[in-house]
Amino acid sequence: MKYISKFAFLSLLVFALACKQEKTQEFIIEDIELMIKAEKVAEQEGQAIFHYVLDNGNMQVEMTNYGGTITKIITPDKSGKMENVILTFDTVEEFLSKSNPFFGATAGRIANRIAKGEFTLDGETYELAKNNGPNHLHGGNVGFNKKVWTGEPYSNDSTIGVKMTYLSVDGEEGYPGNLETTLWMELTLSNTLRIRFEAETDQKTIVNLTNHTYFNLTGVKRNVLGHEFQFWADAYTPVDEGLIPTGEVRDVTGTPFDFRDPKILGDQVEANGGGFDHNMVMKMEKDSEMKHFVHVKDPESGRVMDMYSDNVGVQFYTANFVSNFEGADGKIYDRQWGFCLESQNWPDAINHENFPSPILNPGEKYEHTIEYKFSVEE
């Protein structure tokens, strides 16, 4: 077992203080290839926005406290070439100024859609923003993806990360209760990006948090239709024309949603009429067990990503609404240039009695963990 040296511990304290003073600093753990960098890059309404870099010696993850957003994931291919594997912008400032289809962002209070932008708790109806046609999407007009979180870097002998907190006040975007949310985004020595959420409320409310990163294991060179996918999912939730679940839970057998054996994405997209934006069902009951849910490989680069979650569903989205979009490195992103694996509760769950409940009561704690593990296969 390796431990942080006394010098490294003191360096961490200096680093944390430096962040508060809005300076650029580094923190390096002796004898272990772990490094954190932080740099103030902007301000919004008097709040400092930082760009963080986590480096474990083999891959890098970049993020910002604006929107609890992952801005880059840089991993090697089978020849060792390092490339970014997510859709993004070149700078954090562009996340502030450009239209953004939730690249890398934290979605909340409620990720995904709520039908007709309303729900009822204990007989009281709450009206939310209708920012997706007649429906509510990803927390509203100014959801968690557009908030400045309070960031604090941390480290131990095998993990580096940034802890972020945000208080969503009673009535924000129409939701009841003061919701205190804590988000940890961390990189391990085993090349795993781990995202952990906790939330507590002082009033009965609803919560469903996720991360909305668009992955492209080619190094964002082309679309992802050549990727090979395997899901450990026996069912999915069909949707109507507005992408709202109908309430049915349907077996994947004999449908384009059957990825229980490895399938090439392009074949399944064609069979499904153009793409996916659906909830793949994990287990009905949430527990603390991390379940291996998705295995993805880009055969050309050899990059592999395995997804684990302790939640009950994963929204599988194939960037159907990204078209002629100018992203990082002068690249133009188009349909199916990325895919999202959004671990979460089922969409519109508050309006379906047969779906797992998104209700959080005072005295309870919302907890949710996602892991994306990166590797290479020949």
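Which side chains meet in a salt bridge with 2.8 Å from N to O? They are those of Arg-194 and Glu-186, where a salt bridge is a side-chain nitrogen of Lys or Arg within 4 Å of a carboxyl oxygen of Asp or Glu. Welcome to this structure, which is a predicted model: local features need pLDDT of at least 70, side-chain atom pairs count only at pLDDT 80 or more, and totals for chains, interfaces and linings use all residues. Residues are numbered from 1 along each chain as its sequence is written, and side-chain values use heavy atoms, with hydrogens and water left out.

**Salt bridges**

- The structure holds 17 salt bridges.
- In general, side chains of opposite charge can pair when their charged atoms come close.
- Back to the opening pair: Glu-186 is buried, at a relative accessible area of 5%. Here buried means under 20% relative accessible area, exposed means over 50%, and partly exposed is in between (1.4 Å probe, protein chains only).
- Lys-204 and Asp-122 also join their side chains in a salt bridge, at 3.0 Å from N to O. This pair links distant parts of the chain, 82 residues apart: Lys-204 is in the loop between strand 15 (192-201) and strand 16 (205-206), and Asp-122 is in the loop between strand 9 (118-121) and strand 10 (124-127). Strands (E, at least two residues) and helices (H or I, at least four) are DSSP runs, numbered from the N terminus.
- Lys-204 counts as partly exposed at 25% relative accessibility, while Asp-122 counts as exposed at 64%.
- Another salt bridge brings together the side chains of Arg-260 and Asp-234, at 3.4 Å from N to O. Arg-260 lies in the loop between strand 20 (250-251) and strand 21 (263-264) and Asp-234 in the loop between strand 18 (228-231) and strand 19 (235-237), so the pair ties together parts that are 26 residues apart in sequence.
- Arg-260 counts as partly exposed, with 29% relative accessibility.
- A network of salt bridges links Lys-81, Glu-83, Lys-221 and Arg-303.

- Nine strands make an open sheet with antiparallel pairing, in the order 12-13-14-15-30-24-23-18-21. Two strands pair if DSSP finds at least two bridges between them.
- At the edges stand strand 12 (150-155) and strand 21, each with a single partner strand, so one side of each is left without a neighbour in the sheet.
- Glu-228 has Ile-264 in strand 21 as its bridge partner.

**Nonpolar cores**

- In soluble globular proteins, nonpolar side chains tend to be buried together.
- The largest nonpolar core has 59 residues, and those with the most contacts inside it are Phe-231, Phe-316, Leu-341 and Tyr-372. Such a core is a set of buried Ala, Val, Leu, Ile, Met, Phe, Trp, Tyr and Cys residues joined through side-chain atoms within 4.5 Å.
- A second, separate core of 19 residues includes Leu-87, Ala-319, Phe-325 and Tyr-333.
- Neighbours within four places in sequence aside, Phe-316 is in contact (heavy atoms within 4.5 Å) with residues including Phe-229, Phe-231, Phe-259, Leu-265, Asp-277, His-278 and Leu-341.

**Backbone details and a buried asparagine**

- The peptide bond from Gly-108 to Arg-109 is cis, with omega near 5 degrees. Arg-109 sits in the loop between strand 7 (105-107) and strand 8 (113-114).
- Glu-173 has a positive phi, near 55 degrees, in a residue other than glycine. Glu-173 belongs to the loop between strand 13 and strand 14 (179-188) and is partly exposed, with a relative accessible area of 21%.
- Asn-191 is not a glycine either, yet its phi is positive, at about 65 degrees. Asn-191 is in the loop between strand 14 and strand 15 and counts as buried at 14% relative accessibility.
- Asn-345, in the loop between strand 28 (340-344) and strand 29 (359-360), is buried with a relative accessible area of 7%.
- A polar atom of the Asn-345 side chain lies 3.0 Å from the backbone oxygen of Pro-356.
- Not counting residues up to four places away in sequence, Asn-345 touches Asn-208, Asn-311, Val-312, Pro-356, Ser-357 and Pro-358.

Terms used:
Polar contact = N/O pair within 3.5 Å; in protein donor to acceptor, adjacent residues only side chain to side chain.
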